[in-house]
Number of protein chains: 2
Amino acid sequence: MKDQVAVIGVGCTKFGDLFETSYEELICEAAFEAFADAGIDPAEIQAAYLGTYMPGPSGGKAAVSLGDALRLYDIPITRVENYCATGTDAFRNGCLAIESGACDVVLVLGAEKLKDRGGRGLPRFGHPLLAKGNSAPGLFALAANRYMHTFGMGREMLAKVAVKNHYNGARNPKAHLRMEVTEEKVLKAPIIASPFGLFDCCPTTDGAAAAILCRADLAKRFRSDYIPVKGYGLAVTTGRPFFDPTFDYLGFRSTQMAARQAYKMAGATPRDISFAEVHDCFTWTEISNTEDLGFCEKGQGGSLVAEGRTSLSGDIPINPSGGLKSFGHPIGASGVRMIYECVKQLQGQGGERQVKNPKLGLAHNVGGPGAVSCVIILGNN
Amino acid sequence: MKDQVAVIGVGCTKFGDLFETSYEELICEAAFEAFADAGIDPAEIQAAYLGTYMPGPSGGKAAVSLGDALRLYDIPITRVENYCATGTDAFRNGCLAIESGACDVVLVLGAEKLKDRGGRGLPRFGHPLLAKGNSAPGLFALAANRYMHTFGMGREMLAKVAVKNHYNGARNPKAHLRMEVTEEKVLKAPIIASPFGLFDCCPTTDGAAAAILCRADLAKRFRSDYIPVKGYGLAVTTGRPFFDPTFDYLGFRSTQMAARQAYKMAGATPRDISFAEVHDCFTWTEISNTEDLGFCEKGQGGSLVAEGRTSLSGDIPINPSGGLKSFGHPIGASGVRMIYECVKQLQGQGGERQVKNPKLGLAHNVGGPGAVSCVIILGNN
């Protein structure tokens, strides 16, 4: 499987409060940017995967919306859904489709409209017993509190993640929240679910992103700086981690297992990764994920950010894009948007947020919360 | 890709009004029957695909529900959704995963709880302009009326499909509506959406079905009568066929295109198919689908059933299981349930509904309505 797939083009909409842009328009914008980037005629697309968590009143009709928006008819289009790992899992399935030999060129597209839900809002998730606080902030806060107690970490360490990611996002023209924040501003913001204040939480966002995958041996027909897919992994653990007696509230096994699969396939270790787009739905999540991905020991994720090692100029830049925190988190789009960032960075097109001489980039989603994780490794090692 | 995948085990719950059986219990029942059928330890499953159209209040949480129900942890589990073709498309993606080389043994499971929707009901689909009659019966009835006008066909021809499928389903212990009906009863039933009366419509059903896929060259380790996957196809056309000026209201291009892909891959023609499980959400749909699948010319589907050629003893038995009409239609489960029937028939385990010496079986879903179709061909040609 290794080295059989390459990314030959990527596209991404501006992320934000896009009330006046339809789901289909988002799909078009992301896809046509990717078609132009690859220099490909849409008629060459042989199959497509769409990552959308929640089609709905303003969220379109999944596979057929993609076909109609792009006039991609008569070919296979599959919608993939996997909580917050929807986008990266759609990408993983696109890789499988090429590796199977069934097709040579596949479009992977993640799209989500979260702001306009026709009054229905997001569905509640988690265990029915968690009737109170049964929300993403509420559940992740349970783990953050335990983690902070165990390792003696304060809220100022969380704030450093927000400061870093907003710094990066302010340098990214497509980010949702393009503004820097100070540690003081983060710490004084209203509390959403203790220890998370407003700036510890990613925003609710609309957006779409696209990637065009191709058989690696055909990729040079399209461009010389195509980006090989080196490895991927997906792991599902219990959907009720907070009721699992083996759960230590300090990190997520799904991320550890998905990363193990991806590193093994890539023939790489965490030390080989130049930078990573890591699922930072909350500031604590980034800290915990950097540990689960192997960039440091458990309990050291706070130091990693405090010492500037995850900054743009650090030895393992995390979320050069601005992350979910600043770039936004339209669920099904986020994973593909991370692929977009990895590809741009690896091609040296990161602009003001470019990291130095990257070789391997890693994209990571975790959702569920904590139940499912997907990891993709791209580049050349 | 051809001949790389085989089915080594299948399972299926009783279909019906299963208010007291949870989504997770349905998953367990179907999966453990398949594990036993394959003689496989669940720990040997390396990846899973779950087909569920609509997770929800009683519909579980998709991928993580499958993991939790079966304690299948740390492996990739992807939920696939593709309207009424959800189950067959999950199966198709399971094939791709094995053909990619990423894994040797994959569980494909379709599950759906439709009866208990927590008061929310099924989502409306179709174009917003179709505010009145914007339902599956309403939309398919538009096409049925045009078809009947064009070919001079009456309701009694539709009724013959219901009579046949109920006859078959009455001989199937797992079918939802296990009763025979007469042509007179079908014709005198209350009208749902003209020309469809109550017995022209499939019921709303709960159920689950499972199939275990394996690399074909490893299949004999599990059983000698494994069933090879010969071909598959998926095609998405416009999600608004009823607003497409090229739509003739006489059949669905998605089915024609998916069938073309599957026949090509299988190296087979419609004449090589011994029997088929065909998407009969309404009686007319079966008639039209048998044409679109190439079993007869356009306009001849009525004669096919009237002449008994699609009966159990005919030359091309259609829906020996009882079909959606009698077996029921829990959306994400239906396609995998069709695979279950194909495998049982090909192994000569069809019981009272066994067709004679089948070589190739075909499973077909169409949904959207009409926008997406998936075709799977199994057996030995």
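## A buried phenylalanine in chain B

F252(B) counts as buried, because 27 C-beta neighbours lie inside 10 Å and the cut-off for a buried residue is 20 or more. The model discussed here is predicted. F252(B) sits in the loop of chain B that runs between strand 8 (227-236) and helix 7 (253-266).

Apart from neighbours within four places in sequence, the contacts of F252(B) are D292(B), V366(B), G370(B) and S373(B). V163(B) lies 89 residues from F252(B) along the chain, and 24 Å separates the C-alpha atoms of the two.

## Helix 3 against helix 11 in chain B

Two packed helices are described by the angle between their axes and the distance between the axes. In chain B, helix 3 (residues 86-99) packs on helix 11 (residues 331-346) at an angle of about 60°, and their axes are 5 Å apart. Helix 3 of chain B is therefore oblique to helix 11 of chain B.

On the helix 3 side of chain B, the residues in this contact are T86(B), G87(B), T88(B), A90(B) and F91(B). Helix 11 of chain B contributes I331(B), G332(B), A333(B), S334(B), G335(B), V336(B), M338(B) and I339(B). Sorted by class, the contact between these helices of chain B has seven nonpolar, six polar and no charged residues.

## The corresponding helices in chain A

In chain A, the axes of helix 3 (residues 86-99) and helix 11 (residues 331-346) cross at roughly 60° and come within 5 Å. Helix 3 of chain A is therefore oblique to helix 11 of chain A.

T86(A), G87(A), T88(A), A90(A) and F91(A) form the helix 3 side of the contact in chain A. They meet I331(A), G332(A), A333(A), S334(A), G335(A), V336(A), R337(A), M338(A) and I339(A) of helix 11 in chain A. By class, this contact in chain A has seven nonpolar, six polar and one charged residues.

## Where the chains meet

Between the two chains, 38 residues of chain A are in contact with 38 residues of chain B. On the chain A side, helix 2 (63-70), strand 3 (77-81), helix 3 and strand 8 (227-236) are the elements that give two or more residues. The side of chain A that touches chain B has 19 nonpolar, eleven polar and eight charged residues.

Strand 3 of chain A and strand 3 (residues 77-81) of chain B run antiparallel and are joined by three bridges. V80(A) has V80(B), in strand 3 of chain B, as its bridge partner.

Technical notes
Residues numbered from 1 in each chain as written. Chains lettered and ligands numbered in written order. Predicted model: local features only at pLDDT ≥ 70, side-chain atom pairs only at ≥ 80, totals over all residues. Axes fitted to C-alpha atoms, helices over the stretch in contact; angles between N-to-C directions. Helix = DSSP H or I, 4+ residues; strand = E, 2+ residues; numbered from the N terminus. Parallel < 35°, antiparallel > 145°, perpendicular 65-115°, else oblique. Contact = placed C-beta atoms within 7 Å. Nonpolar A, V, L, I, M, F, W, Y, C, P; charged D, E, K, R; others polar. Buried ≥ 20, exposed ≤ 12 C-beta atoms within 10 Å, placed from the backbone. Pairing = 2+ DSSP bridges.
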